[in-house]
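This report looks at local features of one model.

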Amino acid sequence: MEKIKDFLKDAFVVVFMVVVPIIVIVTSNVKSNLENSTVYDCDYHALDFLRTTIEVKDSEGNDYATIQSEHVKVLVVDPLVMRNTQNEVIGEAGDKYDFIEQDSHAISIKDEFYIQMSGNLKVFGDLYYLYDANGEKIGEADFNNWGTNGVIKDTTGKTIAEYNSGWLRKDYTVTISNDTDIDTDAILLVFASYASDYAYDND
């Protein structure tokens, strides 16, 4: 009986060591089907435990921006600042923590309030409603339970941006439709805010 138990334990370890890397690789290579779009690679510094740091590269592989915590992480509040390659602030995402619902964020572009990202209760995954500066709803950002995929849809249900990551990974890609009127930097901050929220909830 002990030999059977030992065999089952060893078999489980082997299966785990083989299956988990395969799942990570497969989920990390999911590409967006969004046509006429631009892709941004976002390197989330997983080993930086004191502050959120995300390096963004454009579709050509060039440095585009850095999104970083405004200060060292304090509890669960993690406001973000986006800087271009000249270290100029081009956007910010304020942070308001809600115990029941997901965090809410006020996204500003060049010191102008641009989008209110309001967390809403969802049983599996995360959901945010997006409002413009006039309080009009302009879309929703909906994410799955594993933090591997999310989409922003406008009020007509059209997908305008997509977030893809891999299971057990923090790095992600953002694909943004070239047909949307929503500012690219605002969309990048929406996804960065989500990534930061998700990391806090799951670290």
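## Loop residues with positive phi

Lys-110 is exposed, at 64% relative accessible area. (Exposed means over 50%, buried under 20%, partly exposed in between, with a 1.4 Å probe and protein chains only.) Lys-110 is found in the loop between strand 6 (105-109) and strand 7 (112-120). Its phi is positive, about 50°, although Lys-110 is not a glycine.

Asp-111 sits in the loop between strand 6 and strand 7. Asp-111 is exposed, at 71% relative accessibility. It is not a glycine, yet its phi is positive, about 70°. Strands (E, at least two residues) and helices (H or I, at least four) are DSSP runs, numbered from the N terminus.

## Basis of the model

The model is predicted: local features need pLDDT of at least 70, side-chain atom pairs count only at pLDDT 80 or more, and totals for chains, interfaces and linings use all residues. Residues are numbered from 1 along each chain as its sequence is written, and side-chain values use heavy atoms, leaving out hydrogens and water.

## Aromatic pairs

Rings of Phe, Tyr and Trp (its six-membered ring) pair if their centres lie within 6.5 Å; planes under 30 degrees apart are stacked, over 60 edge-to-face, the rest tilted. The count is 10 aromatic pairs. Tyr-163 and Phe-191 form a tilted pair, 5.7 Å centre to centre with 40° between the planes. Tyr-163 lies in strand 11 (residues 159-165) and Phe-191 in helix 2 (residues 184-202), so the pair ties together parts 28 residues apart in sequence.

Tyr-163 is buried, at 3% relative accessible area. Phe-191 is buried too, at 0%. One aromatic cluster is formed by Tyr-128, Phe-143, Tyr-163, Tyr-172, Phe-191, Tyr-194 and Tyr-198.

## Charge over a ring

The charged end of Lys-137 sits over the ring of Tyr-129, 3.9 Å from its centre. The rule requires NZ of Lys or CZ of Arg within 6 Å of the ring centre and within 35 degrees of the ring normal.
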